[in-house]
Amino acid sequence: MFIDPHIHMSSRTTDDYQRMRESGIVAVIEPAFWLGQPRTNIGSFQDYFSSLVGWERFRAAQFGIKHYCTIGLNSKEANNEALAEQVMELLPLYACKEGVVAIGEIGYDDMTPAEDKYFRLQLELAKELNMLVMIHTPHRDKKAGTGRSMDVCIEHGLAPSQVIVDHNNEETVEEVLERGFWAAFTIYPHTKMGNARMVEIVRHYGTNRIIVDSSADWGVSDPLAVPKTAQLMLERGISPEDVRAVCYQNALAAYSQSGQIKESHWLNPQPIDQRQTFNDNSVLRGQEPLIETSREYALIE
């Protein structure tokens, strides 16, 4: 079994859900993200957040996958301050919804003053609500931006154990681990962290607080990055116990602190019934619905 703790399923297809289930993915976490183009009004955010806690949870369940999410103002969108102010008023309405496991993904993009302002405001919201935080580290000047992100979290009184720092690489991993934060790695086909490099990270640093995810989105990315990386690790001599830690157990340990995600959710799942609808909408387009009488997963140690 695998967990993909960072994947943008709103931009993926039902075929992806089917392939993910066949590959052993039992649960996903979908961080609030940007559209690829700027949102222009608060209604766009409201509808998007509603889909993360509503339709997307239903859609995933129709293919046997538990869906959770994080809610936040993405760093890239924080630079539109007039709109960002409105989003900050909206966030508390969604942060406490069922299935929301953290405030995120938040942090820095270009490390502008506006990004810093709304990063800090969201850290304060997380602290007020006693919630976890998912950090987006910047694509440019990543090492400095990652260090600054952790500094700001500490400054605002968050315990490192409550913060998952994502999009790590060889430059950042050592500091993140030494400071007690969770270190997550995005596995992309050609950029960020490839799965062969991920094998060497685990070989060098071990498995403590290391998490593998796909961050698959509307760009060139792979929703099967977690199981594929797990397979490569096994082929290259990483033990099954270590593979399970970084591709399943650590994500569960980190995000179960939210109280929203539990292993029993997929070990004792509700049977799939694709006759069900959400606001009168079905995932089917004329296909014969899948109707299960029972379903269970065996926990493999």
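Reply: Happy to. A salt bridge here is a side-chain nitrogen of Lys or Arg within 4 Å of a carboxyl oxygen of Asp or Glu. Keep in mind that this is a predicted model.

Me: Good. What does Arg 140 form a salt bridge with?

Reply: Its partner is Asp 109, and the closest N and O atoms are 3.4 Å apart. Arg 140 sits in the loop between β5 (132-136) and α6 (142-155), while Asp 109 sits in the loop between β4 (100-107) and α5 (113-129), so the pair ties together parts that are 31 residues apart in sequence.

Me: And which residues are joined with them into one network?

Reply: Lys 76 and Asp 110 come in as well: salt bridges that share partners link Lys 76, Asp 109, Asp 110 and Arg 140.

Me: Is Asp 109 buried or exposed?

Reply: Asp 109 counts as buried, at 7% relative accessibility. Arg 140, on the other hand, is partly exposed, with a relative accessible area of 42%.

Me: How many salt bridges does a search of the whole structure find?

Reply: The search turns up 21.

Me: Nice. How accessible are Arg 21 and Glu 292?

Reply: Arg 21 has 27% relative accessibility and counts as partly exposed. Glu 292 has 18%, which puts it in the buried class, because buried means under 20% relative accessible area.

Me: What about Arg 39, what does its side chain meet in a salt bridge?

Reply: That would be Glu 77, at 2.8 Å from N to O. Arg 39 is in the loop between β2 (25-31) and α2 (42-53), and Glu 77 is in the loop between β3 (66-71) and α4 (81-95), so parts that are 38 residues apart in sequence are tied together. Both Arg 39 and Glu 77 are buried.

Me: Let's zoom out. How many helices and strands are there?

Reply: The protein has 11 helices and 8 strands. Its radius of gyration is 18 Å, close to the 19 Å that the globule rule gives for 301 residues, so it is as compact as a globular protein of that length. Along the principal axes, the C-alpha atoms fill a box of roughly 55 × 50 × 35 Å.

Me: What percentage of the residues are buried?

Reply: Buried residues make up 55% of the 301.

Me: Tell me about Gly 104. Buried or exposed?

Reply: Buried, with a relative accessible area of 0%. Leaving aside neighbours within four places in sequence, Gly 104 is in contact with Ala 32, Thr 70, Ile 71, Gly 72 and Met 134.

Me: What about positive phi, what value does Asn 130 have?

Reply: Asn 130 has a phi of about 55 degrees, although it is not a glycine. Its place is the loop between α5 and β5, and Asn 130 is exposed, with a relative accessible area of 63%.

Me: And His 167, what is its phi near?

Reply: Phi of His 167 is near 60 degrees, again a positive value in a residue other than glycine. His 167 is found in the loop between β6 (163-166) and α7 (173-178). At 4% relative accessibility, His 167 counts as buried, whereas Asn 130 is exposed.

Conventions
Residues numbered from 1 in each chain as written. Predicted model: local features only at pLDDT ≥ 70, side-chain atom pairs only at ≥ 80, totals over all residues. Heavy atoms only, no water. Helix = DSSP H or I, 4+ residues; strand = E, 2+ residues; numbered from the N terminus. Rg over C-alpha atoms; globule rule 2.2 N^0.38 Å. Buried < 20%, exposed > 50% of the residue type's maximum accessible area, 1.4 Å probe, protein only. Contact = heavy atoms within 4.5 Å.
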